[in-house]
Amino acid sequence: MPSESDTNVTIGSKKLCDLDEYSLEHVFLFLTVADLDRCVLVCKKFQHIIQRFVFPKKCMHALVTGSAQGAALSLYSFTRRKRVKLDENWRYGRYEERTYFYHNVMYISQLAIDREWVYMTHRGRLQAHRRTKNRQMVDQKSEWAIGMARDSDFTSLVKNGDRFFLGRMDGNIMIYDHDVGKQYMQAITNDIIKAVDFNTDVYAVTTKNESTYILTYSPEELHDLTADDSELLKPTFVYPQAYETIKLNNAQLAVGKFHCARKQALQLIDLYSCTIIQLNSPSMAVYDVLWMDEHCILSGNFDTTMRLVDTRTGSDEACWTDPYNASVYCLCYNGTYAVHCGMKYHHRANLYDIRVPNRCVQMYFPSKKQQYSPVYSIATDCSQMFLVTDHNLRILNFDADWAVTKDYASI
């Protein structure tokens, strides 16, 4: 019969590699990529567990790079290990910064991206710039463009597939179908178009001072776009209220007012009943909204908060406050856990995790603070972030392990 001293010797002789696979996997999940790279070299057992189980699971729960939506927008196809490393760079503030399209006169460009292109407006032109795999990240020479610089300025841009929907300062809207190379212009109002959005056959337009329009079209007619079409989009509902921002989701339109003294700036318009639903989210002004899913809305607000609102309850479910008390000008959601916010001051962007209320994961400041512009528009994929400011476009590349870490998470 073994003595107590023999038992202690047996337990003391146990090594890490003697643990079962499930225990080792749990331990490895807490390690960084640098530590995991060293563990892979220990033995084949460690290598098998890390490559087969640990990296896939860490990818699944990654804040930024775990998103299928972000991967679909990326020019690169990253391995699981690389995606975990990229996620660390996002969270720790390790990136390379470049600035493009500088213009002396203040102008707020509209922005959209896909896997191969960056789409930007400048005055009355919509330009497409090819994304590249070199350190420049984007070709500054446009591949194609529509409109002319002397035309009325574009104030809003939405892209869905190969179709673009844009609003102008002169009250006109433009639909451009790049697949067939046709464009269509229609006058909606004499007021400035403030925001637009569309899905399938429903188009929404709001103006700066007057009204919000819901328009529809016949799919057969839209395939025959010509410059001579007088009124392709037919108004189905006009609400005599102007909004700062709008976002469509099936049969509901989320809208935010530029100012509401009663702190009821966030509303919902039901397109079936044409009724207005007041949401119980106490904000004086809403600068941007987006649909997180079919029931939940994210709003960027004047009161320095980003709020998650459930339309089933009509109330806030979570709230995040900026550490520097700056308003949230624009939002970008990656489809899983990450929300990027463009802030009012210092070209700054914030990263939030919807799993962790009221905590800023990271803040991204420019390397050169020549102006103190807000971030007016923001777009991201797995490894890059695009920021529109008063005078340029900033691109942050997080596939830059050599870059200096700029960690502001503890502020």
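## The second largest pocket

The second largest pocket of this predicted model is lined by 17 residues. Those that lie nearest its centre are Lys58, His61, Ala62, Asp87 and Arg91. A pocket is defined on a 1 Å grid over the protein atoms alone, as an open set of points with protein on both sides within 12 Å along at least five of seven lines. Lining residues have an atom within 4 Å of a point.

The volume of this pocket is about 300 Å³, where a volume is the space filled by probe spheres set on the points, and grid points are joined across faces, edges and corners. Helix H6, residues 80–92, gives the most to the lining, with 5 residues. Helices (H or I, at least four residues) and strands (E, at least two) are DSSP runs, numbered from the N terminus.

## Basis of the description

Residues are numbered from 1 along each chain as its sequence is written, and side-chain values use heavy atoms, with hydrogens and water left out. In this predicted model, local features need pLDDT of at least 70 and side-chain atom pairs count only at pLDDT 80 or more, while totals for chains, interfaces and linings use all residues.

## The chain as a whole

The protein chain contains 7 helices and 28 strands. Its C-alpha atoms fill a box of roughly 95 × 50 × 45 Å, taken along the principal axes. Of the 411 residues, 53% are buried; buried means under 20% relative accessible area, exposed over 50%, and partly exposed in between (1.4 Å probe, protein chains only).

Contact means heavy atoms within 4.5 Å. Among contacts between residues at least 6 apart in sequence, 52% join residues at least 24 apart.

## Two residues with positive phi

Most residues other than glycine have a negative phi. Methionine 137 has a positive phi of about 75° although it is not a glycine. This methionine is found in the loop between strand E4 (125–130) and strand E5 (144–146). Methionine 137 counts as buried because its relative accessible area is 1%.

Histidine 346 also has a positive phi, near 65°. Its place is the loop between strand E23 (338–343) and strand E24 (349–353). Why is histidine 346 described as partly exposed? The reason is its relative accessibility of 28%.

Serine 77 lies in the loop between helix H5 (68–73) and H6, the helix that gives the most to the lining of the second largest pocket. Serine 77 is exposed because its relative accessible area is 73%. Although serine 77 and cysteine 382 are 305 residues apart in sequence, their C-alpha atoms are 9.7 Å apart in space.

Asparagine 104 is placed in the loop between strand E1 (96–100) and strand E2 (111–113). Asparagine 104 has 63% relative accessibility and therefore counts as exposed. Histidine 61, one of the residues nearest the centre of the second largest pocket, is 43 residues from asparagine 104 in sequence and 43 Å from it in space, C-alpha to C-alpha.

## A methionine in strand E9

Methionine 185 is part of strand E9, residues 182–187. Methionine 185 counts as partly exposed because its relative accessibility is 36%.

Which residues are in contact with methionine 185, leaving aside its neighbours within four places in sequence? They are Arg168, Asn172, Ile173 and Met174. The C-alpha atom of isoleucine 175, 10 residues away along the chain, is separated from that of methionine 185 by 6.5 Å.

Key
On a 1 Å grid over the protein atoms alone, a cavity is a set of points where a 1.4 Å probe fits but cannot get out, and a pocket is an open set with protein on both sides within 12 Å along at least five of seven lines; lining residues have an atom within 4 Å of a point.
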